[in-house]
Amino acid sequence: MNVVFPRAELAPGGVTRAFTYRGYANGATLVRNAECTVPATRGAMERITRTFIREGAPGEPTMQVMADPWVVVVTACQNGGTYPSCEDQPTDIPVMENDCAFYGTCSPTSPSGGGGGGGGGNPSMSCDPNVDPTCNQLLSDHDKQLIKNAIAAFVRPKAEISDSATAEMCEQLLNTFNSMVTSGEVFKGKYDTPSGTRDHYGAWDEGSGTIHIEPKTLVLALSGDYYELAATALHEAGHELGYRHPLGSHQVGNYLIYMDYPFDLLNPGENSCLKSR
Ligand SMILES: [Zn+2]
């Protein structure tokens, strides 16, 4: 989908913002879901919201805006009503429960051609990482922003790690991950390692030397829980650097604990690469 924003709705300097729309009907059933990059203005946000709500829907849609500095999430009743008691979906429009039918990137375009910036674009959706175990999709700008947020929230600055060798390795893990994002080697994809293993948030693929992050890890981040995303980024970068963890892991409370270096540097503690939750 391509939405044209009038000049008056563009932000100075072409600043954009990650935007997620979730439309509900039949009570609290998700029937429409989209991720966009839009100009960072109220007008642009309202315009994009109107394009998603069903045209001619009765009543005022309920709009809830949750904003952190980078990500805006709008939830609305697709056909009127007040969440979680949204009006029913008309019978001629199928309900797509948790089906990301409109999942994708809708890039803003500026009539002047100059203001967009950072719009980026995903390749067309050939598979859905939420349901297809083999699907890998490029990260959207929205996903990348969530990753930046996660790193800012949970990766400890080098100066705050007293052991210098640990600080060096933590920095190397972060730099490795960041450069993989930059070179397009990090994807959004479903967990594809053998079933029966522990809960997973991402994986490094030996064959292709790429990382994929599970959609659920990004969903967690979207809800404000950035820890697993930050931990996954550094962990998978460790595999990229050639490290393995033959000793496996075990769960302690909220954390997956690793014994092998350098994955053990991500365990919670004084000298960890990560801040604790
Ligand atoms: Zn691992």
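Asparagine 26 sits in the loop between β2 (16–25) and β3 (29–39), and its phi is positive, about 50 degrees, although it is not a glycine. As background, most residues other than glycine have a negative phi, and most peptide bonds are trans.

Before going on, a word about what we are looking at. This is a predicted model, in which local features need pLDDT of at least 70 and side-chain atom pairs count only at pLDDT 80 or more, while totals for chains, interfaces and linings use all residues. Residues are numbered from 1 along each chain as its sequence is written.

How much confidence does the chain carry? The mean pLDDT is 77, and 74% of the residues reach 70 or more; pLDDT is the predictor's confidence in each residue, from 0 to 100. Helix α3 (residues 164–182) has the highest confidence, at 97, and strand β9 (residues 108–109) the lowest, at a mean of 36. Over residues 97–125 the pLDDT is below 50, yet this stretch has 68 contacts in the model beyond near neighbours in sequence. A contact here is two residues whose C-beta atoms, placed from the backbone, lie within 7 Å.

Now the overall picture. The chain has five helices and 15 strands, taken as DSSP runs numbered from the N terminus: H or I over at least four residues for helices, E over at least two for strands. Of the 277 residues, 36% are buried. Among contacts between residues at least 6 apart in sequence, 63% join residues at least 24 apart.

Two pairs illustrate that kind of separation. Valine 3, in strand β1 (residues 3–4), is 35 residues from valine 38 in sequence and 9.1 Å from it in space, C-alpha to C-alpha. Valine 3 counts as partly exposed, because it has 15 C-beta neighbours inside 10 Å. Glycine 80 lies in the loop between β5 (71–77) and β6 (81–82), and its C-alpha is 9.2 Å from that of tyrosine 24, 56 residues away along the chain. Glycine 80 has 18 C-beta neighbours inside 10 Å, so it is partly exposed as well.

On to the helices, and to α5 (residues 227–240) in particular. Two packed helices are described by the angle between their axes and the distance between the axes. Here the axes are lines fitted to C-alpha atoms, for helices over the stretch in contact, and angles run from 0 to 180 degrees between N-to-C directions. Under 35 degrees is roughly parallel, over 145 roughly antiparallel, 65 to 115 roughly perpendicular, and the rest oblique.

How does α2 (residues 141–154) pack against α5? The angle is about 90 degrees and the axes are 8 Å apart, so the two helices are roughly perpendicular. On the α2 side we find Leu146, Ile147, Ala150, Ile151, Ala153 and Phe154, meeting Tyr227, Leu229, Ala230 and Ala233 of α5. That contact has ten nonpolar residues, no polar and no charged. For the classes, Ala, Val, Leu, Ile, Met, Phe, Trp, Tyr, Cys and Pro are nonpolar, Asp, Glu, Lys and Arg charged, and the others, Gly among them, polar.

The axes of α3 and α5 come within 8 Å and cross at roughly 90 degrees. Leu173, Leu174, Thr176, Phe177 and Met180 of α3 make this contact with Ala233, Leu234, Ala237, Gly238 and Glu240 of α5. By class that gives seven nonpolar, two polar and one charged.

With α4, the angle to α5 is about 135 degrees and the axes are 7 Å apart, so this pair is oblique. Thr217, Leu218, Leu220 and Ala221 of α4 touch Glu228, Leu229 and Thr232 of α5, a contact of four nonpolar, two polar and one charged residues.

Which residues of α4 (residues 215–222) are buried? They are Pro215, Thr217, Leu218, Ala221 and Leu222. Seen down the axis of α4, they fall within an arc of 160 degrees, so they line one face; the arc is that of the directions from the helix axis to the C-beta atoms. After α4 comes glycine 224, with a positive phi near 100 degrees.

One last stop: proline 262, in the segment after β15 (255–258). Thanks, everyone!

Technical notes: Buried ≥ 20, exposed ≤ 12 C-beta atoms within 10 Å, placed from the backbone.
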